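I opened this entry to keep track of what I looked up. The structure comes next, then my notes.

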2 protein chains.
Amino acid sequence: MATIDVPEQVSVLADAEALRKACKGWGTDEKAIISVLGHRNAVQRKQIRLAYEDLYQEDLIKRLESELSGDFEKAVYRWVLDPADRDAVLANVAIKKLSPDHHVIVEISCTRSPEELLAVRRAYQTRYKHSLEEDVAAHTKGDTRKLLVSLVSAFRYDGEEINTRVANSEAKNLHEAVKDKEFNHEEIIRILSTRSKMQLMATFNRYRDDHGTTITKNLEGDSGDEFLKTLRATIRCLNDPKKYFEKVLRNSIRRVGTDEDALTRVIVTRAEKDLKDIKELYYKRNSVSLDQAVAKDTSGDYKALLLTLLGKED
Amino acid sequence: MATIDVPEQVSVLADAEALRKACKGWGTDEKAIISVLGHRNAVQRKQIRLAYEDLYQEDLIKRLESELSGDFEKAVYRWVLDPADRDAVLANVAIKKLSPDHHVIVEISCTRSPEELLAVRRAYQTRYKHSLEEDVAAHTKGDTRKLLVSLVSAFRYDGEEINTRVANSEAKNLHEAVKDKEFNHEEIIRILSTRSKMQLMATFNRYRDDHGTTITKNLEGDSGDEFLKTLRATIRCLNDPKKYFEKVLRNSIRRVGTDEDALTRVIVTRAEKDLKDIKELYYKRNSVSLDQAVAKDTSGDYKALLLTLLGKED
């Protein structure tokens, strides 16, 4: 369930005018920006951008970028974009880092639906004139590259049909590779990157039934091993994305020095999807509400936007 | 350019009625079937199927299958299907063979446009409740598997922008791997499966300019090496699909015992695309027209359908 609070009636034109007013003249009215954009869904935000462009011959996103700054600017920018385009930006930023954020690539390729991932790949090409897999391949190497390129290229079957025989035999294949510590075994990558999510859940369940422990537990090891970390993130994203997102949020807040990029990313990408469920998981796991934790760790307009997206009434 | 000859005015209803008449009662009027379906494009064939179903509460494809037989039946079946669905069927048949036809998978993944390949992957899932890459991975192994899974999963950038620097450096990478006979080098697979076709052409041209010979020539070797064969087919499909198709046709006819599957596949899949150009290449290369060669090697209704699709007037 989503967290954002969208009024029943919205006037796109009035919104565009309010945003123009908030940006015009000396100083910017950040509160006004939050009170409009923080309460509009993706379709409405798109219509607002189009209306704004129509009315003022100016790109709303560019205008906001020039008016705002810091974490607030980044969060507004990510929030205003179309979801697929936003994922393309997130993926590009993650890959182009000196030390690429592999888990962002995993997250985008494994927690989005197959059709959503295709839309991201399409948006990526429009924006960067390259394919996503091409850029991932060019900026990674070794086993991590094999895994990531396979994951971003996947177009999984999204239906309900499961083959129990396949689940049994692939649970066995996975266990054999894990037991022999052949974590880079091509069978692991093949299974994780081609099977449907329903099929994989059946396989992971079978693994647990047969071996009394989850595959992710069996994959714990050298914490500095980047490939192993990426592999674990893959399985967690495929198997239980909400639990995965709860953990990303927990880590982003728990650290000395909040990880604003991760915090923004999860809130912005999940606010219209399942952030309500993630909040519940967060509360259960941390005995403090996500709203409170975010409020404690952030400040100013950035804090106000995040809390709005979290559905907290002012 | 296409070869099929479509009349300016078509009545879908009259076509459905003519097909019903051709199928009804004792015996089948194959000529009538050819004279209707052989002169209709993909959109019209689809409308005819829908109209037929509407009028007679019967699936036209199933009816045709039950009326016809042999190579003619196969050719009609493939021709009547939507292009993406047809490719899904061709891919499935190719993979499920005891010794899979790897080049069919290469052909579908490398000669179709990126969007067409996506449509094939979607059609494959609808029909088989699996992803295409999942079935390819499950029925192949080793280096061939790596290559094929990467190729079918590709969603290449389809634009015009080329990076000359990348072309230079990747031509060098390719040459080094080829020179060291490391044909299964992961760089080769990465480059061939992620780069846009325009980019790859620039890279192959650079390779030829730098080394005085084409990469495919440098990849000739052990003719029994299945991976190497698949790799060469990949490069040929990416670099010059028409020339590739000409060769498939030439081999299908030249053999003792015509390869009807290959002959049907190329004619049926290219008749609405570029079969006219392929025919020209064929004539240039073989000093005999493709129509004549096909007429000599085939017979009966099968021959009549192929010649109709080749645009030959009776």
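**Ground rules**

The model is predicted, so I note that local features need pLDDT of at least 70 and side-chain atom pairs pLDDT 80 or more, while totals for chains, interfaces and linings use all residues. Residues are numbered from 1 along each chain as its sequence is written, chains are lettered from A and ligands numbered from 1 in the order in which they are written, and side-chain values use heavy atoms, with hydrogens and water left out.

**Binding site record**

I checked UniProt, where an unreviewed entry places the feature "binding site" at Gly25(A), Gly27(A) and Glu67(A). These residues span 43 residues in sequence, yet no two of their C-alpha atoms are more than 10.5 Å apart, so they gather at one spot. The positions are in the numbering used here, the feature name is shortened, and the annotation may be inferred rather than shown by experiment.

I placed Gly25(A) in the loop between helix 1 (12-23) and helix 2 (30-37) of chain A. Helices are DSSP runs of H or I, at least four residues, numbered from the N terminus. Gly25(A) is exposed, at 60% relative accessible area, whereas Glu67(A) is partly exposed at 22% (buried is under 20%, exposed over 50%, partly exposed in between; 1.4 Å probe, protein chains only).

Glu67(A) lies in helix 4 (residues 60-67) of chain A. Leaving out residues up to four places away in sequence, Glu67(A) touches Cys23(A), Gly27(A) and Thr28(A) (contact means heavy atoms within 4.5 Å).

**Aromatic pairs**

I noted six aromatic pairs over all chains. One of them, Tyr124(A) with Tyr128(A), is tilted, at 4.6 Å centre to centre and 50 degrees between the planes. Ring centres of Phe, Tyr or Trp (its six-membered ring) must lie within 6.5 Å; planes under 30 degrees apart are stacked, over 60 edge-to-face, the rest tilted. Tyr124(A) and Tyr128(A) are four residues apart in helix 8 (residues 114-128) of chain A, so about one helical turn separates them. Tyr124(A) is buried at 0%, and Tyr128(A) is partly exposed at 22%.

Definitions and conventions. Helices (H or I, at least four residues) and strands (E, at least two) are DSSP runs, numbered from the N terminus.
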